[in-house]
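Have the viewer open as you read.

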Amino acid sequence: MFDPVIAPSGTLLGLLQRGRGDGTLHALTAPRAEALAALNHCVLRDPRHDWQVENRSLYYARLYLDLNGELDEIEAHLFEVDDVFDTEESRTGLALAVLGHLASYGRRDALELLRRYAASGSNWAWALDELALRDDDAGLRALAAPVLARFATDPEGEAELAAAVRDAFEPRPWRLWAEDPRESVSTRVRAAHEAGCFDRWQRQMRPTGPRPGWSVRAVFEWAQQGIERGAALHVPAARCLAAVAGPEDRSEILAAAEDGTDGARCTALRYLADGNDPAAFDLIELAVTTGSASVVEAALDSFERMRSIAAVDRARGWARRPDPLGAAAGRMLACLGGAQDRDLVLAALREAVRGEGPDAPTLWTLVDGAGRLGIACAAPVLRHVYRETASSHLRGRAAHALAATDPSFATGFAVECLWDCEETTREIAARHAETGDARVVERLRRLAADPAEEAEVQTVVRSRIGPDTAAM
């Protein structure tokens, strides 16, 4: 997917792209046309860096409801000519998911759009999954003919149909069609289902991929072959090594970790680290200094997996290093360090933000560590990460850390988090938001009554308000 362009965090568009609660609050007070323009921009140009794990659809659907927004622009986006040429799920997936939520809230226009797109759009399978959760049996049965017409009746087309049935995320439509009174529909769907089940059985029974020979040298050679093909195999190779290596092979493994081929070196470092071998630390340090990019990455990953007291002690000695090993040491202390390591974790957090910005991958671990260790001095940096990151998951982690470090969280960010796009962030907000704020009480009532809200969030919400209050 393309890398989205994220607007500044102080703008309405930037807030909505990030999925922040303040985005909804600002949109509801902005001119309606301006709010809808920003909302449509987000839905039609997915702003997520990782669209498969970050949530936005329910967040945007709720805002469409609050603004009584029309769906004309979504309709134009779904049915424009680009849909024929750009069949990537990321182009239309967010819009379809938003329509799914709107349909569950009773928006008939959203349901009709999903039906039309399932019948004729390129990302029809996604639309069908949304309908499987929201449409009635009659609506789904009406789609059987147009969906099956997508697949030719020759062997290739039947194989494609079998794959579609086998890989369907929601099986309900296919089950309905398998019982369809039209024999032309039911017979074909049942045959596709049987073919898909047989194919899955064959794949499970058929061995795939190369198998290394059962010797230390053969394992190293297999790992190197993977690198030459562009596939990193050192992790499974290290597991194979654990199965075949004996005490007599230690010298060969140490030599490979010191100056072997990249595949052998990565495998040996992983094997030694997983086994808490005392030689692993010096070899990891050497690899970071002298190894290729793939060796450095494998060495750092191997070190961060270690959980021994010796590894934590070594991390304390490396944490001040101005290189990737120092950064890895800071992350290890964030995960495993104690109160005496707060200054080192805070320094690593500040350096990461200063050097790599609020979206640095290393921040996920460091932010968690700041919260786990209760580093009160980290609150200003955590607030900066919360405001600026484009990742809604990282913002949620920052909110969790702020709840443990910032006394003002309950009356500050926790309030807006009740409108956040991530359910885990709404959950932490429901635990901490100060109910002296009238907006908090009203929002808790709405969340408690919203059938689309996650059960975990509603459990926390109902623990904050009594049954009489929720019914008001």
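## Surface charge

A patch here is built from residues with over 30% relative accessible area and no salt bridge, like charges being joined within 9 Å and nonpolar side chains (Val, Leu, Ile, Met, Phe, Trp, Tyr) within 5 Å. Lys and Arg count as positive, Asp and Glu as negative, while His and the chain ends are not counted. Each charge is placed at NZ of Lys, CZ of Arg, CG of Asp or CD of Glu. Accessible areas come from Shrake-Rupley with a 1.4 Å probe, and for residues only the protein chains shown count as cover.

With that in hand, a patch of negative charge turns up on the surface, made by Asp-82, Asp-86, Glu-88 and Glu-89. Asp-82 sits in helix H6, residues 82–85 (helices are DSSP runs of H or I with at least four residues, strands are E runs of at least two, numbered from the N terminus). Asp-82 is partly exposed because its relative accessibility is 38%; the scale is buried under 20%, exposed over 50%, partly exposed in between, with a 1.4 Å probe and protein chains only.

## Ground rules

The model is predicted, so local features need pLDDT of at least 70 and side-chain atom pairs count only at pLDDT 80 or more, whereas totals for chains, interfaces and linings use all residues. Residues are numbered from 1 along each chain as its sequence is written, and side-chain values use heavy atoms, leaving out hydrogens and water.

## Cysteines

How many disulfides does a search of the whole structure find? The count is 0, taking a disulfide as a pair of cysteine sulfur atoms within 2.5 Å. For Cys-42, the closest cysteine sulfur belongs to Cys-421 and is 11 Å away, so it is too far for a bond. Cys-240 is in no disulfide either, with the nearest cysteine sulfur, in Cys-266, 15 Å away.

Buried or exposed, what is Cys-42? Cys-42 is buried, at a relative accessible area of 0%. Cys-240 also counts as buried, at 18%.

## Salt bridges

Side chains of opposite charge can pair when their charged atoms come close. The rule used is a side-chain nitrogen of Lys or Arg within 4 Å of a carboxyl oxygen of Asp or Glu, and the count comes to 39 salt bridges. One of them pairs Asp-46 with Arg-48 at 2.6 Å, N to O, and both of these residues are buried. Another joins Glu-453 and Arg-62 at 2.9 Å, N to O. That pair links distant parts of the chain, 391 residues apart: Glu-453 is in the loop between H29 and helix H30 (455–464), and Arg-62 is in helix H4 (residues 57–67). Glu-453 and Arg-62 are buried too.

Asp-368 and Arg-397 form a salt bridge whose closest N and O atoms are 2.2 Å apart. This pair also links distant parts of the chain, with Asp-368 in helix H24 (residues 363–372) and Arg-397 in helix H26 (residues 392–405), 29 residues apart. Asp-368 is partly exposed at 32%, and Arg-397 is partly exposed at 30%. Elsewhere, salt bridges with shared partners join Arg-108, Glu-112, Arg-115, Asp-135 and Asp-136 into one network.

## Two distances

Arg-439 lies in helix H29, residues 438–449, and is partly exposed at 43%. Arg-439 and Leu-418 are 21 residues apart in sequence and 9.7 Å apart in space, C-alpha to C-alpha.

Phe-303 lies in helix H20, residues 293–305, and is buried at 0%. Phe-303 and Val-461 are 158 residues apart in sequence and 41 Å apart in space, C-alpha to C-alpha.
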